[in-house]
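Hi,

Here is the structure I said I would pass on. Have a look at it first, and then read my notes below.

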Amino acid sequence: MPARAALTSGVAAGVGRTALLVAAARAIETHRPDALARDPLAARFVRAAPASADWPVHPDQVPDGLADPLWGRLGRYFGLRTRVLDDHLLRATDTGTRQVVLLGAGLDARAVRLPWPRDTAVHEIDTGEVLAFKQAVLDRSGATPRARRRPLAADLRDDWAAALLADGFDPTVPTAWLAEGLLLYLPADAERRLIATVDRLSAPGSTLAYEVKEITEPDAVRAGPVYVAARERIGIDLLALFDTGPRPDSAAELAALGWTVTVRTPYDFTALHGRGPRPEPDDALAANRWVFATAT
């Protein structure tokens with residue numbers, strides 16, 4: 001396989017392809033006058049992959065604007081999610097945390113774009129294909145990480161703790177954990193193992209943020225414009241990627257393990273920031289929950 005094809009094949013299908021969807025949404029958000037988050041490298045990732053080379057990366061390339069179900073409504077959701085989770089990580093570093101683990105890091109260049117304290121280590125865990133593609137784009141951009149970036153190729157459905165420990169992770173100090181857009185795709189048993197592993201590796205004061213769907217969505221929602229647009233316009237069947245088995249209550253499991261847990265809706269943060277997606281009938285975002293937990 002040619003070198004370029006090898007780098008792009010891992011982000012051309014399945015969950016890897018969703019990383020390009022979120023990168024395109026961040027690129028569009030970056031250029032909004034009221035941007036919730038800015039990622040100047042996002043468009044580079046989108047343009048570097050043949051599968052997404054013709055996707056929009058600017059609001060001017062979305063004729064229906066925020067009314068577009070894919071690049072408007074869903075895109076704004078990803079912009080809001082990026083802002084909220086960025087804030088979560090930076091609050092942790094503001095209180096002294098210097099170790100960050102991005103579980104399913106995707107194509108967000110947080111190690112480059114966020115204003116980390118100089119001595120922060122950012123561990124990025126994802127598939128080898130996604131990380132190789134990401135590294136190639138970062139190298140071509142000349143981007144310099146503001147933190148000590150530690151990419152680690154691992155399958156989060158399996159035992160990844162040993163590899164993380166071997167890569168310099170210190171379980172005796174507080175960690176800011178992030179699982180952005182990950183648990184939706186994991187089988188229930190893998191989600192339980194991941195939560196248990198995070199708990200086992202977390203010193204007091206560690207934090208964790210992640211996204212889940214609270215319920216299985218009814219047929220009217222699953223047939224709605226967001227899912228249809230993603231499937232028909234860019235070839236991503238999100239519903240086929242979501243694990244369909246009964247979901248664990250990870251928030252309750254963390255609470256039982258002694259964590260302080262808060263569960264919020266995206267619309268809580270739309271209200272907080274004064275912009276972002278708002279509820280609508282047969283809403284594909286209504287079941288989404290963002291969970292924030294602190295080890296005590």
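A quick term before the notes: by contact I mean heavy atoms within 4.5 Å. This is a predicted model, where local features need pLDDT of at least 70 and side-chain atom pairs count only at pLDDT 80 or more, while totals for chains, interfaces and linings use all residues. Residues are numbered from 1 along each chain as its sequence is written, and side-chain values use heavy atoms, with hydrogens and water left out.

Not counting residues up to four places away in sequence, Ile-234 touches Arg-17, Leu-21, Trp-55, Leu-70, Trp-71 and Ala-229. Leu-21 sits 213 residues from Ile-234 along the chain, yet their C-alpha atoms are separated by 8.6 Å. Ile-234 is buried, at a relative accessible area of 5% (buried is under 20%, exposed over 50%, partly exposed in between, with a 1.4 Å probe and protein chains only).

Ile-234 belongs to helix 10, residues 225-234. Helices (H or I, at least four residues) and strands (E, at least two) are DSSP runs, numbered from the N terminus. Which residues of helix 10 are buried? They are Val-226, Tyr-227, Ala-229, Ala-230 and Ile-234. Down the helix axis, the buried residues of helix 10 fall within an arc of 165°, so they line one face of the helix (the arc is taken from the directions from the axis to the C-beta atoms). Just after helix 10 comes Gly-235, with a positive phi of about 75°.

Next, the nonpolar cores: sets of buried Ala, Val, Leu, Ile, Met, Phe, Trp, Tyr and Cys residues joined through side-chain atoms within 4.5 Å. In the largest one, with 66 residues, Leu-21, Phe-45, Trp-55, Trp-71 and Leu-74 touch the most other members. Helix 4 (residues 69-94) gives the most to this core, eleven residues. Apart from it lies another core, of 29 residues, including Leu-152, Ala-190, Tyr-210 and Leu-254.

Leaving aside neighbours within four places in sequence, the contacts of Trp-55 include Arg-17, Leu-21, Trp-71, Ile-234 and Ile-236.

Last, take a look at the second largest pocket. On a 1 Å grid over the protein atoms alone, a pocket is an open set of points where a 1.4 Å probe fits, with protein on both sides within 12 Å along at least five of seven lines; lining residues have an atom within 4 Å of a point. The lining has 24 residues, with Val-212, Lys-213, Glu-214, Ile-215 and Arg-247 nearest the centre. Strand 5 gives the most to that lining, three residues.

Cheers
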